[in-house]
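Visitor: Hi! I have a model open and would like to talk it through with you. Shall we start once it is on the screen?
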Amino acid sequence: LLLVGHDYEVIVTTQSGFIRYATGDVIRVTKHVFGLPSCEFVGRTGAVDLYGEKLDEVSVARLIEGVLSCYGIASSFWFLAPTKVNDDNVAYTLFIKTKNRISSELASGVDASLRKIYHYDLCRNIGQLGHTRVFAVTNESPQEVFIQRSGKSRTTRMGDVKIPRLHSGFDWETVYEGEFF
(Lines give C-alpha, C1' and ligand atoms only; values in the text may rest on other atoms or scores of the structure.)
Protein backbone atom coordinates (compact mmCIF):
# COMPACT_ATOMS: atom_id res chain seq x y z
CA LEU A 1 0.00 0.00 0.00
CA LEU A 2 1.40 3.40 -0.97
CA LEU A 3 0.92 6.03 1.74
CA VAL A 4 -0.27 9.59 1.13
CA GLY A 5 2.53 12.14 1.54
CA HIS A 6 5.32 9.62 1.02
CA ASP A 7 7.82 9.64 -1.85
CA TYR A 8 8.58 6.58 -3.97
CA GLU A 9 10.98 5.78 -6.80
CA VAL A 10 9.35 4.43 -9.95
CA ILE A 11 10.54 0.98 -10.99
CA VAL A 12 9.28 -0.61 -14.20
CA THR A 13 9.16 -4.40 -14.29
CA THR A 14 7.84 -7.30 -16.29
CA GLN A 15 4.77 -9.20 -15.11
CA SER A 16 6.98 -11.97 -13.74
CA GLY A 17 9.26 -9.47 -12.02
CA PHE A 18 12.27 -11.01 -13.75
CA ILE A 19 13.54 -7.72 -15.21
CA ARG A 20 13.44 -4.44 -13.30
CA TYR A 21 14.42 -0.94 -14.40
CA ALA A 22 14.77 1.98 -11.99
CA THR A 23 13.64 5.05 -13.94
CA GLY A 24 15.20 7.53 -11.54
CA ASP A 25 11.86 9.33 -11.20
CA VAL A 26 10.51 10.09 -7.74
CA ILE A 27 6.77 10.52 -7.21
CA ARG A 28 4.71 11.59 -4.19
CA VAL A 29 1.32 10.08 -3.39
CA THR A 30 -1.11 12.99 -3.01
CA LYS A 31 -4.37 11.09 -2.35
CA HIS A 32 -6.22 7.86 -3.08
CA VAL A 33 -8.97 7.78 -5.69
CA PHE A 34 -11.16 4.66 -5.68
CA GLY A 35 -8.46 2.90 -3.69
CA LEU A 36 -5.70 3.76 -6.18
CA PRO A 37 -2.85 6.21 -5.48
CA SER A 38 -2.87 9.58 -7.24
CA CYS A 39 0.70 10.79 -7.67
CA GLU A 40 2.70 13.87 -8.63
CA PHE A 41 6.20 14.03 -10.05
CA VAL A 42 8.68 15.22 -7.40
CA GLY A 43 12.08 14.96 -9.06
CA ARG A 44 14.90 12.63 -9.93
CA THR A 45 17.03 10.45 -7.70
CA GLY A 46 20.24 12.10 -8.90
CA ALA A 47 22.80 12.78 -6.22
CA VAL A 48 25.87 14.97 -5.81
CA ASP A 49 28.68 13.65 -3.66
CA LEU A 50 31.87 15.70 -4.03
CA TYR A 51 33.29 15.21 -0.52
CA GLY A 52 30.93 12.64 0.98
CA GLU A 53 28.03 15.06 1.59
CA LYS A 54 25.56 12.76 -0.21
CA LEU A 55 23.02 15.35 -1.38
CA ASP A 56 20.06 14.08 -3.38
CA GLU A 57 17.69 16.17 -5.46
CA VAL A 58 14.50 15.22 -3.61
CA SER A 59 15.87 16.08 -0.15
CA VAL A 60 17.47 19.31 -1.38
CA ALA A 61 14.24 20.41 -3.09
CA ARG A 62 12.17 19.70 0.03
CA LEU A 63 14.57 21.52 2.35
CA ILE A 64 15.11 24.59 0.16
CA GLU A 65 11.43 24.96 -0.69
CA GLY A 66 10.80 25.02 3.06
CA VAL A 67 13.39 27.76 3.54
CA LEU A 68 12.03 29.83 0.64
CA SER A 69 8.55 29.54 2.12
CA CYS A 70 9.78 30.66 5.56
CA TYR A 71 11.44 33.72 4.01
CA GLY A 72 8.36 34.48 1.87
CA ILE A 73 10.32 34.08 -1.37
CA ALA A 74 8.51 32.92 -4.50
CA SER A 75 10.57 31.52 -7.36
CA SER A 76 9.91 29.12 -10.20
CA PHE A 77 13.62 29.06 -11.12
CA TRP A 78 16.23 27.92 -8.65
CA PHE A 79 18.82 25.20 -8.27
CA LEU A 80 21.72 24.33 -5.99
CA ALA A 81 25.20 23.76 -7.41
CA PRO A 82 28.77 23.74 -6.10
CA THR A 83 30.96 26.80 -6.63
CA LYS A 84 34.62 27.42 -5.94
CA VAL A 85 35.02 30.04 -3.22
CA ASN A 86 38.78 30.15 -3.80
CA ASP A 87 41.49 27.70 -4.88
CA ASP A 88 41.01 25.54 -1.78
CA ASN A 89 37.34 25.85 -0.85
CA VAL A 90 34.04 24.76 -2.39
CA ALA A 91 30.59 25.78 -1.20
CA TYR A 92 27.12 25.09 -2.51
CA THR A 93 25.32 28.06 -4.03
CA LEU A 94 21.61 28.59 -4.44
CA PHE A 95 21.08 30.11 -7.89
CA ILE A 96 17.70 31.83 -7.84
CA LYS A 97 15.59 34.17 -9.97
CA THR A 98 12.96 36.00 -7.93
CA LYS A 99 11.23 39.34 -7.68
CA ASN A 100 11.56 39.21 -3.90
CA ARG A 101 14.34 40.98 -2.04
CA ILE A 102 17.21 38.67 -1.19
CA SER A 103 19.49 39.12 1.80
CA SER A 104 22.51 37.26 3.12
CA GLU A 105 20.20 35.75 5.76
CA LEU A 106 18.78 33.48 3.06
CA ALA A 107 22.18 31.80 2.66
CA SER A 108 22.30 31.11 6.40
CA GLY A 109 18.78 29.67 6.30
CA VAL A 110 19.65 27.38 3.38
CA ASP A 111 22.88 26.29 5.05
CA ALA A 112 21.12 25.52 8.34
CA SER A 113 18.51 23.52 6.48
CA LEU A 114 21.08 21.53 4.47
CA ARG A 115 22.93 20.79 7.70
CA LYS A 116 19.98 18.59 8.67
CA ILE A 117 21.55 16.12 6.22
CA TYR A 118 24.05 14.25 8.38
CA HIS A 119 26.85 13.86 5.83
CA TYR A 120 26.55 17.45 4.59
CA ASP A 121 26.82 18.66 8.19
CA LEU A 122 29.88 16.47 8.72
CA CYS A 123 31.58 17.93 5.61
CA ARG A 124 30.82 21.45 6.86
CA ASN A 125 32.13 20.66 10.36
CA ILE A 126 35.48 19.34 9.14
CA GLY A 127 35.93 22.16 6.64
CA GLN A 128 35.50 20.24 3.39
CA LEU A 129 32.62 22.52 2.36
CA GLY A 130 32.16 26.24 2.93
CA HIS A 131 29.03 28.11 4.04
CA THR A 132 26.20 28.05 1.51
CA ARG A 133 25.95 31.10 -0.75
CA VAL A 134 23.13 32.68 -2.75
CA PHE A 135 23.46 34.00 -6.30
CA ALA A 136 20.60 36.25 -7.45
CA VAL A 137 20.14 35.56 -11.17
CA THR A 138 19.17 38.63 -13.23
CA ASN A 139 18.94 37.08 -16.71
CA GLU A 140 15.52 37.60 -18.33
CA SER A 141 15.18 33.92 -19.22
CA PRO A 142 17.44 31.81 -16.99
CA GLN A 143 15.79 28.60 -18.24
CA GLU A 144 17.05 29.29 -21.78
CA VAL A 145 20.57 29.88 -20.44
CA PHE A 146 20.38 26.57 -18.57
CA ILE A 147 19.24 24.72 -21.71
CA GLN A 148 22.06 26.22 -23.77
CA ARG A 149 24.69 25.40 -21.11
CA SER A 150 23.36 21.86 -20.83
CA GLY A 151 23.93 21.31 -24.54
CA LYS A 152 20.28 20.85 -25.41
CA SER A 153 19.18 21.48 -28.98
CA ARG A 154 17.96 24.94 -30.00
CA THR A 155 14.76 23.20 -31.10
CA THR A 156 14.11 21.98 -27.56
CA ARG A 157 10.90 23.50 -26.22
CA MET A 158 11.01 25.12 -22.78
CA GLY A 159 8.26 22.83 -21.50
CA ASP A 160 10.27 19.75 -22.45
CA VAL A 161 13.09 20.54 -20.03
CA LYS A 162 12.84 20.21 -16.27
CA ILE A 163 15.59 22.16 -14.52
CA PRO A 164 17.08 19.89 -11.84
CA ARG A 165 17.02 21.33 -8.33
CA LEU A 166 20.49 19.94 -7.68
CA HIS A 167 23.32 20.17 -10.19
CA SER A 168 26.84 18.78 -9.96
CA GLY A 169 28.44 21.24 -12.41
CA PHE A 170 30.64 24.15 -11.41
CA ASP A 171 30.98 27.69 -12.81
CA TRP A 172 27.28 28.59 -13.11
CA GLU A 173 28.18 32.03 -11.71
CA THR A 174 30.11 32.65 -14.93
CA VAL A 175 27.11 31.64 -17.05
CA TYR A 176 24.45 33.75 -15.36
CA GLU A 177 24.27 37.48 -14.82
CA GLY A 178 23.70 38.48 -11.21
CA GLU A 179 25.41 38.79 -7.87
CA PHE A 180 26.30 36.83 -4.74
CA PHE A 181 24.65 37.57 -1.41
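Visitor: Which helix does Glu57 lie in?
Guide: Glu57 lies in helix H1. Keep in mind that this is a predicted model.

Visitor: Is Glu57 buried or exposed?
Guide: Glu57 counts as buried, because its relative accessibility is 6%, and buried means under 20%.

Visitor: What lies 2.8 Å from a polar atom of its side chain?
Guide: That is the backbone nitrogen of Arg165.

Visitor: OK, let's zoom out. How many helices and strands does the chain have?
Guide: There are five helices and nine strands. Starting at the N terminus, the elements run β-β-β-β-β-α-β-β-α-α-β-α-α-β.

Visitor: And what box do the C-alpha atoms fill?
Guide: Along the principal axes, the box is roughly 55 × 45 × 35 Å. The chain has 181 residues, of which 38% count as buried.

Visitor: What share of the contacts comes from residues 24 or more positions apart?
Guide: Such residues account for 55% of the contacts in the chain with a separation of 6 or more.

Visitor: Back to H1. How do the axes of H1 and H2 cross?
Guide: The axes of helix H1 (residues 57-70) and H2 cross at roughly 140 degrees and come within 9 Å. That angle makes H1 oblique to H2. The crossing of H1 past H2 is right-handed.

Visitor: Which residues meet there?
Guide: On the H1 side they are Val60, Leu63, Ile64, Val67 and Leu68. From H2, the residues are Leu106, Gly109, Val110, Ser113 and Leu114.

Visitor: Now the sheet. In what order do E6, E7, E8 and E9 come?
Guide: The order is E6-E7-E8-E9, in an open sheet with mixed pairing. E6 and strand E9 (178-180) are at the edges with a single partner strand each, so one side of each has no neighbour in the sheet. From one strand to the next, the twist averages 25 degrees.

Visitor: In what sense do E8 and E9 pair, parallel or antiparallel?
Guide: Strand E8 (residues 130-137) pairs with E9 in the antiparallel sense, over three bridges. Ala136 stands opposite Glu179 in E9.

Visitor: Which helix packs on that sheet?
Guide: Helix H2 (residues 104-114) does, touching E6, strand E7 (90-97) and E8. The direction of H2 makes about 130 degrees with that of E8.

Visitor: What about H4, which of its residues are buried?
Guide: In helix H4 (residues 142-149), the buried residues are Pro142, Val145, Phe146 and Ile147. Their cover includes E6, E7, E8 and helix H5 (172-175).

Visitor: E6 keeps coming up. Where is Thr83 found?
Guide: Thr83 is found in strand E6, which spans residues 77-84. With 0% relative accessibility, Thr83 counts as buried.

Visitor: With which side chain does the side chain of Thr83 make a polar contact?
Guide: The partner is the side chain of Thr93, at 2.7 Å. Leaving aside residues up to four places away in sequence, Thr83 touches Asn89, Val90, Ala91, Thr93, Phe95, Arg133, Phe170 and Glu173.

Visitor: Last one. What does the side chain of Thr23 reach?
Guide: The side chain of Thr23 reaches the backbone oxygen of Val10 at 3.0 Å. Thr23 is in strand E2 and counts as buried at 17% relative accessibility. The C-alpha atoms of Thr23 and Ile11 are separated by 5.9 Å, with the two residues twelve apart along the chain.

Terms used
Residues numbered from 1 in each chain as written. Predicted model: local features only at pLDDT ≥ 70, side-chain atom pairs only at ≥ 80, totals over all residues. Heavy atoms only, no water. Helix = DSSP H or I, 4+ residues; strand = E, 2+ residues; numbered from the N terminus. Buried < 20%, exposed > 50% of the residue type's maximum accessible area, 1.4 Å probe, protein only. Polar contact = N/O pair within 3.5 Å; in protein donor to acceptor, adjacent residues only side chain to side chain. Contact = heavy atoms within 4.5 Å. Pairing = 2+ DSSP bridges. Axes fitted to C-alpha atoms, helices over the stretch in contact; angles between N-to-C directions. Parallel < 35°, antiparallel > 145°, perpendicular 65-115°, else oblique. Left-handed = near helix turned anticlockwise from the far one by under 90°.
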